[in-house]
Amino acid sequence: MSPKKIIVIFGATGAQGGGLARAILNDKNSEFAVRAVTRDPNSDKAKELSALGAELVQADLAHPETIFKAMEGAYGAFCVTFFWAHFSPEQEAAEAKCMADAAKAAGVKHVIWSTLEDTRILVPLADNRMPTLMEKFKVPHFDSKGDSNHFFTDAGVPTTFLLTTFYWDNLIYFGMGPKRGEDGVLAITFPMADKKLSGISAEDIGKCAYGIFKKGDSLIGKTVGIAGEHITCADMAKALTKALGEEVRYNSVTPAVFRSFGFPGAEDLGNMFQYYQEFEKEFTAARDIENARTLNPELLSFDMWLAENAKRLPLS
């Protein structure tokens, strides 16, 4: 029996990387093995992956020499960055370059880079429909990822570019779930008007990435966009009402109002939702639900995700 091909997974204890790690480890017939990159091998999430059969490797993107070592002998790598840990486009770019350079040096055969659009292609900095942030970005956490694509192509790394989207899980972890108003009624608040929001379960991103690795060379050099459903926020509210057994309203606000909410990242997210809204056609067209289901037959719609997760929503 030939040895399994090693997939190095960055963010293995996070949402996307964790989903990929579990997808591989739960498939007893997988041709792949998981090498989980973590800064803290003693964390509970790292120990859970180890118990499932993952090889844990301690490495930190702030120390490139550890990343080069983590890539050695690997067939593939799943590369992802987490902007919200530092809010720095420059750090995100440096991390992307570090992973691309390490993959090249190690001779990795297939990299998946979890990326997003550079919104400045459709909304140039001189376009005042939304404010420019940090002097050179419209949606920093999108633009820095999209702009970092070139590190992988410049290095000549065989790469599939995976376009992700809004996590349904943000309703649990990111403070975007239903909140109770002064009248006692629950509501979700988004600046999406009547436009459709592309969303997906974070776990499904990892499962789709597994599907890409299983397809082998055929998706190298391609951009693959995924979503579980394109849905209006009004319909999200209806689905939440049904799942929770009490009314949930959709509170539609303008992007400017959302940007004014004052929490860390509010301006970035306000611009993001404005981009979703104004370029609904382009954004949703770039994320093929049927193709995502081909990669991941267990793909969840919003209703299906709620059936599994409604009880986890922190209602306040």
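Strands here are DSSP runs of E at least two residues long, helices are runs of H or I with at least four residues, and both are numbered from the N terminus; two strands count as paired if DSSP finds at least two bridges between them. The model is predicted, so local features need pLDDT of at least 70 and side-chain atom pairs count only at pLDDT 80 or more, while totals for chains, interfaces and linings use all residues. Residues are numbered from 1 along each chain as its sequence is written, and side-chain values use heavy atoms, with hydrogens and water left out.

On to the sheet. It is open and mixed, with three strands in the order β8-β9-β13. β8 (179-180) and β13 (248-252) sit at the edges, each pairing on one side only. Helix α9 (residues 233-244) packs on this sheet, touching β9 and β13. β8 runs antiparallel to β9 (residues 186-190), with two bridges between them, and K179 has A187 of β9 as its bridge partner.

Then there is the interior. A nonpolar core is a set of buried Ala, Val, Leu, Ile, Met, Phe, Trp, Tyr and Cys residues joined through side-chain atoms within 4.5 Å, where buried means under 20% relative accessible area (1.4 Å probe, protein chains only). The largest such core has 40 residues, and F190, F273, Y276, F302 and W305 have the most contacts inside it. Among the elements supplying at least two residues each are β9, α11 (266-278) and α14 (302-309). Setting aside neighbours within four places in sequence, F273 contacts (heavy atoms within 4.5 Å) F166, M176, F190, P191, M192, L197 and F258.

Technical notes. Axes fitted to C-alpha atoms, helices over the stretch in contact; angles between N-to-C directions. Buried < 20%, exposed > 50% of the residue type's maximum accessible area, 1.4 Å probe, protein only.
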